[in-house]
Amino acid sequence: MTTTEPIKKPRQRILALDILRGITIAGMIMVNNPGSWGAIYAPLKHASWHGLTPTDLVFPFFMFIMGISTYISLRKYNFTYSHDTLVKIVKRTIVIFLIGLAIGWFSRFCYGLARADEALSLGERILNAANSFGTLRILGVMQRLALCYCAASIIAITVKHVRIPYIIAGILVVYSALLLLFNGLEFSLNNIIYTVDHALFGDAHLYKDTVSSMIGTVQSSSEYSLQIFQRHTYPIDPEGLLSTLPSIAHVLIGFCCGQIIVNVKDNNLRVMNFFIIGTILTFVGFLFSYGMPINKKLWTPTFALTTCGLAASLLALLIWIIDIKGYKKWTKFFEAFGVNPLFMYVLGGVLGILFNTVSIGGKSIHTWLYSEAFVTWFGDKTFASLVYALVFIAINWSIGYILYKKKIYIKI
């Protein structure tokens with residue numbers, strides 16, 4: 001049995017990478033916690049199916065950065081396979097996956113307890129709320145991060161790195177073929193994404209999504225007609241198992257970019273490389289979107305290429321602004337998110353659940369802040385919804401900033 005001890009290699013820390021990570025985590029928390037899901041500005045909404053909005057960028061940006069971080073992390077082991085290295089990868093994968101499951105269970109527990117029949121005893125309410133495993137969603141954001149990290153890391157320590165671009169291309173081509181041949185672009189139960197997830201997990205353990213379709217019109221006057229829409233619910237999980245395949249390729253693209261971060265020492269050259277890579281990936285993604293639409297819920301290959309390209313371009317811009325020009329004063333806010341990214345994301349999820357379920361005087365914290373305070377003060381529900389999201393981010397930041405100042409880094 002061979003073992004590989006970590007090799008300490010000094011490197012110049014690139015602040016721009018922490019800031020980009022922090023921006024994405026803050027963005028993920030913000031879009032997940034509006035004051036009202038019915039009152040959101042358009043850029044803060046996900047695309048309903050095909051298309052791309054600013055909100056659709058935050059998760060893929062984080063996965064791109066995770067690929068870079070994976071390269072930096074595994075470099076300590078010289079990218080050499082050993083039993084110890086594999087065990088560490090698997091352990092981290094399991095921990096991240098279980099945290100995702102725990103957040104899902106905690107959400108169902110808190111909401112179940114808040115809505116429980118008050119005629120029941122406290123013990124019965126707790127027991128009923130805790131027993132939600134029959135409908136617990138198996139997959140999710142943290143679970144996808146875990147699976148992609150595991151796959152990318154194992155590939156990184158078992159395959160020559162010159163072959164990784166071919167693996168990326170192979171994954172994206174195979175996934176494209178599956179989507180095109182098996183109704184993968186339809187929002188229906190015939191979609192191969194749903195077919196695979198349904199066979200493995202069953203509908204009870206999948207995310208439920210809805211779409212509106214026009215079923216007819218009614219003439220209301222000589223000039224106007226009313227369109228009648230019907231809402232359909234399809235359990236196409238946006239973090240489904242099959243759509244994790246292109247996500248692995250997504251992380252591997254970030255991994256290849258991590259090589260530039262480490263091996264290219266000059267920041268000006270780093271900026272040039274990332275701008276070139278970003279431009280090429282973005283152009284290719286948009287070009288092929290005519291045959292393979294950009295779609296986050298399916299994580300289409302064009303979505304992976306386009307968002308990786310935009311992430312690389314933004315990273316290049318941040319390196320130029322922060323690490324070359326030295327404009328760093330504005331970065332402190334995002335650095336508090338960036339140095340403890342997974343912890344801050346989990347914190348945002350837990351606080352979001354508690355704000356919506358903890359009752360004070362018969363009203364949740366969310367209701368007090370959004371409905372009683374912000375809507376009353378500002379009048380405009382959409383603006384009040386944005387204010388709530390920003391205040392929620394500030395609350396999370398205050399905790400992250402304390403950890404940042406005390407140099408407490410919580411690694412998952």
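Helix axes are lines fitted to C-alpha atoms over the stretch in contact, and the angle between two of them runs from 0 to 180 degrees between N-to-C directions. Two packed helices are described by that angle and by the distance between the axes. Keep this in mind for the model above, which is predicted.

Start with α6 (164–181) and helix α8 (residues 244–263). The two pack at an angle of about 155 degrees. Their axes are 9 Å apart. The crossing of α6 past α8 is left-handed.

Now look at the side that α6 turns to α8. Ile-164, Ile-167, Ile-168, Ile-171, Leu-172 and Tyr-175 are the α6 residues that meet α8. An α-helix has 3.6 residues a turn, so residues three or four places apart point the same way. From α8 come Leu-245, Pro-246, Ile-248, Ala-249, Leu-252, Ile-253, Phe-255 and Cys-256. What classes of residue make up the contact of α6 with α8? There are 14 nonpolar residues, no polar ones and no charged ones.

Helix α7 spans residues 192–201. Ile-192, Ile-193, Tyr-194 and Asp-197 are buried there. The cover over the buried residues of α7 includes α6. Next, check the two ends of α7. At the start, a side-chain oxygen of Asn-191 comes to within 2.7 Å of the backbone nitrogen of Ile-193. After the helix comes Gly-202. The phi of Gly-202 is positive, near 85 degrees.

Move on to a loop. Asn-340 sits between α11 (332–338) and α12 (341–357). Is Asn-340 buried or exposed? Its relative accessible area is 1%. Buried means under 20%, so Asn-340 is buried. Which residues does Asn-340 touch, leaving out those up to four places away in sequence? They are Leu-403, Ile-408, Tyr-409 and Ile-410. With Ile-410 there is a polar approach too: a polar atom of the Asn-340 side chain lies 2.6 Å from the backbone nitrogen of Ile-410.

Finish at Thr-367, in helix α13 (residues 365–378). Thr-367 has 25% relative accessibility. Where does Ser-36 stand relative to Thr-367? Along the chain, the two are 331 residues apart.

How values were computed: Residues numbered from 1 in each chain as written. Predicted model: local features only at pLDDT ≥ 70, side-chain atom pairs only at ≥ 80, totals over all residues. Heavy atoms only, no water. Buried < 20%, exposed > 50% of the residue type's maximum accessible area, 1.4 Å probe, protein only. Helix = DSSP H or I, 4+ residues; strand = E, 2+ residues; numbered from the N terminus. Contact = heavy atoms within 4.5 Å. Polar contact = N/O pair within 3.5 Å; in protein donor to acceptor, adjacent residues only side chain to side chain. Left-handed = near helix turned anticlockwise from the far one by under 90°. Nonpolar A, V, L, I, M, F, W, Y, C, P; charged D, E, K, R; others polar.
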